[in-house]
There are 4 protein chains.
Amino acid sequence: MPPSVSVFGSAGFTGALAARLVLRHPSLELRAVTARSDVGRRLDDLYPHHRVSLELEELDLDRHADVDAAIVAYPHGAAAPLVAQLRERGVRVVDLSADFRLHDPNVYGQWYRSHEAPDLLGEAVYGLPELYREQLRGAGLVANPGCYPTASLLALAPLARAGLIEDVIIDAKSGVSGAGRAATDKTHFVTVDENLNAYGVPRHRHIPEIEQELAALGANVMITFIPHLVPLDQGELVSCYVTPSSVADLGSLEALYEDAYGGESFVELASRPPGVRDVRETNICRISVHRDERAGRLIVFAAIDNLWKGAASQAVQNLNLMLGLPEDEGIGPTVSAVREAVR
Amino acid sequence: MPPSVSVFGSAGFTGALAARLVLRHPSLELRAVTARSDVGRRLDDLYPHHRVSLELEELDLDRHADVDAAIVAYPHGAAAPLVAQLRERGVRVVDLSADFRLHDPNVYGQWYRSHEAPDLLGEAVYGLPELYREQLRGAGLVANPGCYPTASLLALAPLARAGLIEDVIIDAKSGVSGAGRAATDKTHFVTVDENLNAYGVPRHRHIPEIEQELAALGANVMITFIPHLVPLDQGELVSCYVTPSSVADLGSLEALYEDAYGGESFVELASRPPGVRDVRETNICRISVHRDERAGRLIVFAAIDNLWKGAASQAVQNLNLMLGLPEDEGIGPTVSAVREAVR
Amino acid sequence: MPPSVSVFGSAGFTGALAARLVLRHPSLELRAVTARSDVGRRLDDLYPHHRVSLELEELDLDRHADVDAAIVAYPHGAAAPLVAQLRERGVRVVDLSADFRLHDPNVYGQWYRSHEAPDLLGEAVYGLPELYREQLRGAGLVANPGCYPTASLLALAPLARAGLIEDVIIDAKSGVSGAGRAATDKTHFVTVDENLNAYGVPRHRHIPEIEQELAALGANVMITFIPHLVPLDQGELVSCYVTPSSVADLGSLEALYEDAYGGESFVELASRPPGVRDVRETNICRISVHRDERAGRLIVFAAIDNLWKGAASQAVQNLNLMLGLPEDEGIGPTVSAVREAVR
Amino acid sequence: MPPSVSVFGSAGFTGALAARLVLRHPSLELRAVTARSDVGRRLDDLYPHHRVSLELEELDLDRHADVDAAIVAYPHGAAAPLVAQLRERGVRVVDLSADFRLHDPNVYGQWYRSHEAPDLLGEAVYGLPELYREQLRGAGLVANPGCYPTASLLALAPLARAGLIEDVIIDAKSGVSGAGRAATDKTHFVTVDENLNAYGVPRHRHIPEIEQELAALGANVMITFIPHLVPLDQGELVSCYVTPSSVADLGSLEALYEDAYGGESFVELASRPPGVRDVRETNICRISVHRDERAGRLIVFAAIDNLWKGAASQAVQNLNLMLGLPEDEGIGPTVSAVREAVR
């Protein structure tokens with residue numbers, strides 16, 4: 001019998017996509033979809049293109065938590081208490097919020113609010129499979145990374161591990177789905193269309209998450225991170241400007257990335273700057289690395305689909321690892337066998 | 001009798017817009033529009049929204065150069081010989097190409113090709129009125145700045161003059177009209193729509209122009225400059241990441257910008273990051289300055305319409321200065337009298 | 001002293017644009033902008049590109065109604081009581097709602113709700129200057145047409161007057177600004193982007209308005225009218241499919257349109273189907289007429305900017321007529337003197 | 001051993017997508033991709049998101065025609081000779097051009113040009129599986145329908161069969177990918193963005209194809225068909241306005257459609273007007289039917305992805321039938337088991 005999964009918080013963009021991916025997953029059974037709004041509506045009424053013919057239900061742990069695993073797509077703060085209840089019942093959890101990404105509850109407190117389940121921080125594994133694959137196998141609680149950290153860390157990990165990052169600026173650009181389903185002045189079509197602007201300047205909440213993981217990789221840096229909103233729906237690009245701690249020629253850089261990602265199913269190396277269209281509706285992160293010889297800098301680009309690798313499909317990738325399933329099941333395509341050489 | 005103006009190279013985006021602006025200008029007379037393609041077609045057939053009911057003519061200097069002033073919208077390299085002929089006939093010229101922007105023909109040669117009219121470099125004035133207003137009054141040859149340099153230099157000039165720039169990275173984003181009218185795979189709707197990518201990495205031709213002018217302002221730096229293509233038609237945003245040479249609090253920074261631009265008709269200071277929609281179809285550059293206290297960096301954003309302040313309306317602003325007309329005539333709106341305070 | 005104008009309901013898209021047009025109008029004085037939300041915010045904070053540095057005020061008739069004329073941009077139903085109060089104080093009013101467009105309060109009641117100021121219906125003039133210019137001169141109350149009726153009636157009026165319309169289907173397409181500023185699931189960028197669908201099927205409220213005016217022109221028909229939402233911000237296209245009551249060759253049709261509109265400043269005849277980009281940010285309606293010889297039908301296309309000719313700039317055109325000012329003042333450009341021949 | 005397939009003409013949008021679908025198809029083997037341009041380039045260099053790591057080859061029938069089946073994605077006129085050669089070699093062919101859609105070579109001649117392989121017209125089956133499923137099983141030559149005819153015929157077939165169509169007007173709207181990969185003024189981003197216009201007025205080449213098939217279903221009508229270009233990449237909507245030959249209540253209409261499509265895997269009935277986003281990147285056609293009681297008309301909407309159901313995935317659906325494979329293999333998702341009731 002396939003493992004059963006409930007998706008909590010399915011009325012939002014990432015929860016709805018997670019429900020679709022679980023429903024179509026050959027080795028998982030979608031048990032229920034719950035929501036905090038739109039209860040009673042069919043998911044395929046809200047999101048026809050997902051074709052999930054289930055009704056959004058009000059949370060009822062007795063019924064909905066009787067599963068092997070759960071994906072929680074609640075907002076920051078609201079997630080922790082639900083995750084705690086699910087863990088008490090022995091349910092494996094992938095949490096899409098920020099609540100279990102930061103190891104230090106004080107740091108969490110500075111950027112978010114007082115943490116409501118600090119006891120669980122110890123068991124939470126940071127859900128970036130390319131960095132923490134072994135810890136994720138069989139894990140009980142996984143903190144699914146933020147979309148910007150996913151792209152940024154995959155872009156920078158090889159340099160961080162090699163001790164090459166002295167300093168880094170990340171100029172990030174995201175489509176509007178990253179802002180979530182809430183209808184506001186900021187997500188109104190007329191505000192976004194033919195527009196382009198930075199937001200969250202200069203203290204975006206993804207900063208401590210990126211810094212924590214860069215430090216774990218060996219790069220203790222204070223980053224500058226500035227996100228921009230771009231008129232497209234799904235897609236995210238990070239442009240990373242690295243001041244290297246020592247000179248590295250392009251060949252060695254490419255070798256670093258090939259070593260790091262040559263065997264990965266969901267990281268694709270490219271010689272030209274990636275476009276977000278290249279990875280739309282996939283779990284793939286596409287990366288290119290470049291040298292600015294004149295100014296002595298390295299530039300790394302990484303493109304993902306913020307709803308997929310930046311959220312829902314990465315959650316399923318994590319579920320696969322937690323449940324002992326093939327890592328790429330249900331979230332194809334993978335990177336082609338014949339890989340395009342870097343440069 | 002109002003000064004007469006011909007626009008050479010009106011089949012392209014910037015030349016066509018220049019023709020429209022001259023036609024509607026209360027103190028200029030549009031004499032002729034020439035083109036290297038589409039000769040014989042009416043300009044309002046090619047660009048209905050400009051409503052310029054003139055036929056595109058093949059170049060005939062005897063007829064077309066019998067004017068007081070000219071706007072030349074030819075590609076780089078093709079512009080210099082025409083400009084030389086026009087200057088010989090005593091016509092004042094605003095040149096939209098890169099041919100007269102770089103003072104040093106050797107630098108031009110490294111980034112473009114061998115220069116065809118180096119003798120004229122000495123008389124060419126760099127057409128950024130906010131920096132060179134006095135030299136532009138009555139000038140005979142004006143090199144209209146590139147779109148990226150316009151936004152970048154207006155963003156950075158106050159810091160450069162104050163000696164505050166130790167290092168700078170410019171992450172630029174532009175709409176597709178910046179790529180010009182040529183129909184290619186890169187400008188095809190299906191390539192650009194729902195896409196986002198860097199291009200010209202890492203040696204874009206606007207680099208030497210920006211460095212030359214920053215140096216003139218006192219900042220001798222090697223910049224990293226990376227442009228990105230964004231799915232919108234008109235609009236350009238530069239995000240400038242400055243490592244300051246000394247600590248500056250936000251209040252002093254704002255005062256610097258207020259001093260520099262408080263009296264300018266076409267520079268608008270804002271407390272929040274500007275959007276390109278804020279300046280669409282205007283000659284206005286909208287700027288905000290920020291401090292990233294954690295990382296010790298300054299961040300400056302500047303938004304322009306790449307076809308207007310980045311090309312055609314700035315050309316008319318320059319024409320106004322060259323011909324002794326009010327600087328803002330024919331290219332309104334100007335920045336509102338009641339200015340929004342910085343922060 | 002120029003006539004003074006207040007704009008009531010300036011927080012929405014059409015009211016804000018109306019405020020901008022009045023502010024820049026050479027012969028009008030913008031006295032105040034009021035709103036029912038966002039009171040206390042500056043208009044150029046909400047809409048930077050309009051550059052109207054006025055604060056949105058709460059309605060205070062004693063202060064705001066002491067003007068020569070008013071533009072009311074309230075929702076249907078809410079407008080009538082305010083208009084009544086303004087008329088009592090002798091203020092000339094252009095009302096952008098539907099409240100005074102339908103002559104018969106019973107018809108209004110069927111499509112909207114019970115009418116709150118039926119006594120004023122008698123004095124209201126339907127504000128389509130190309131049809132009712134003489135009645136609009138000096139009028140006290142003008143009902144500004146809906147955006148779809150504006151385009152549809154300008155498209156069909158020559159045929160209606162000539163008795164050529166036996167039957168008509170109008171397939172309309174509009175950009176998202178037509179849905180107003182309210183942030184909802186339907187105006188969320190992610191809903192609209194890369195999407196396209198009909199709405200309001202089959203009973204859109206603009207139907208009785210179009211039928212009333214077609215009847216006044218001589219065509220008593222029950223129309224089918226279906227609007228569609230298109231992923232762009234400003235622009236509206238109506239495709240009108242007419243079953244003619246008698247055979248008409250294309251030459252006669254073109255002559256009909258030339259007779260009707262040859263002298264109009266804001267109607268432009270084209271030989272090819274118009275695009276909404278051709279009229280963006282103008283008060284111009286661009287029209288082309290075609291014959292489908294095989295099926296024996298006439299097809300007329302009309303494109304407008306729904307916020308301009310479909311609302312705010314047409315309101316100013318009406319104000320100009322009401323106040324005895326030149327009809328095209330402050331809302332240029334007009335149709336070029338050299339007109340493109342039909343076909 | 002799985003059937004082998006070559007795709008001829010893979011440099012274009014539909015041929016490239018066909019190659020991707022065949023490559024990922026569990027029961028097909030992609031043998032080769034040929035092209036008439038870009039020979040020698042890798043397909044995943046041209047279209048990274050398809051992830052087909054094959055080189056585009058110049059046509060060499062000895063090598064490329066040694067397959068069980070072929071998809072031909074050549075332009076009209078160029079396809080017929082290649083199809084004839086493939087059929088001579090015994091290869092089953094799905095042809096995406098118009099060359100074998102019209103049964104009568106004279107009609108083809110009037111709308112296209114002189115036909116180059118009229119002998120094959122007799123064996124060609126019109127590849128709309130929902131209408132011709134039995135004839136398609138085991139067929140040797142299939143004429144894949146045009147995108148507009150696919151949507152229009154699926155929308156109208158139940159009414160045509162029931163003898164309900166007296167007259168019909170089809171107002172169609174398509175994304176830009178329908179115009180193909182050729183880079184022209186018309187497909188330039190700046191032309192299409194924020195624009196919307198009709199084209200091909202009033203004689204679009206899809207008219208005879210739609211009329212031929214409507215007649216085969218029992219409706220001998222001269223249609224008016226007008227396509228429009230909309231600023232999105234993939235997606236097509238037809239709005240069909242039907243004058244019914246007799247009165248039909250909505251319940252009977254819904255029953256007609258339920259009877260026709262209740263068992264179909266790729267036709268989805270909806271109560272509300274479908275959006276093209278609902279079917280993006282699927283082989284599904286989503287349909288809704290409505291009555292305009294006032295005007296006595298029926299309105300049917302059908303949405304498809306023009307590159308998928310309108311071309312490449314429908315070609316694979318046809319291949320599946322020709323080769324005896326499950327009809328829906330390799331082109332999921334199918335319509336959900338729990339179908340949304342009409343209205």
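I worked on a predicted model, where local features need pLDDT of at least 70, side-chain atom pairs count only at pLDDT 80 or more, and totals for chains, interfaces and linings use all residues. Residues are numbered from 1 along each chain as its sequence is written, chains are lettered from A in the order written, and side-chain values use heavy atoms without hydrogens or water.

**Helix pair.** I looked up α1 (residues 13-24) and α11 (residues 308-322) of chain D; their axes come within 9 Å and cross at roughly 40°. Axes are lines fitted to C-alpha atoms over the stretch in contact, with angles from 0 to 180 degrees between N-to-C directions. Helices are DSSP runs of H or I, at least four residues, and strands are E runs of at least two. I noted the contact (heavy atoms within 4.5 Å): α1(D) brings residues including D:Leu17 and D:Leu21, and α11(D) brings residues including D:Trp308 and D:Val316.

**Interface of B and A.** I found 46 residues from chain B and 46 from chain A in contact. The buried area (accessible area, 1.4 Å probe, lost on being put together, summed over both) is about 3900 Å², with 57% from carbon and sulfur atoms.

I then listed salt bridges (side-chain nitrogen of Lys or Arg within 4 Å of a carboxyl oxygen of Asp or Glu). The count is 10. One joins B:Lys173 to A:Asp171, with the closest N and O atoms 2.9 Å apart.

Which element of chain B gives the most to the side that touches chain A? I got β8(B), with five residues. This strand spans 165-174.

Terms used: Buried area = accessible area lost by both parts, 1.4 Å probe.
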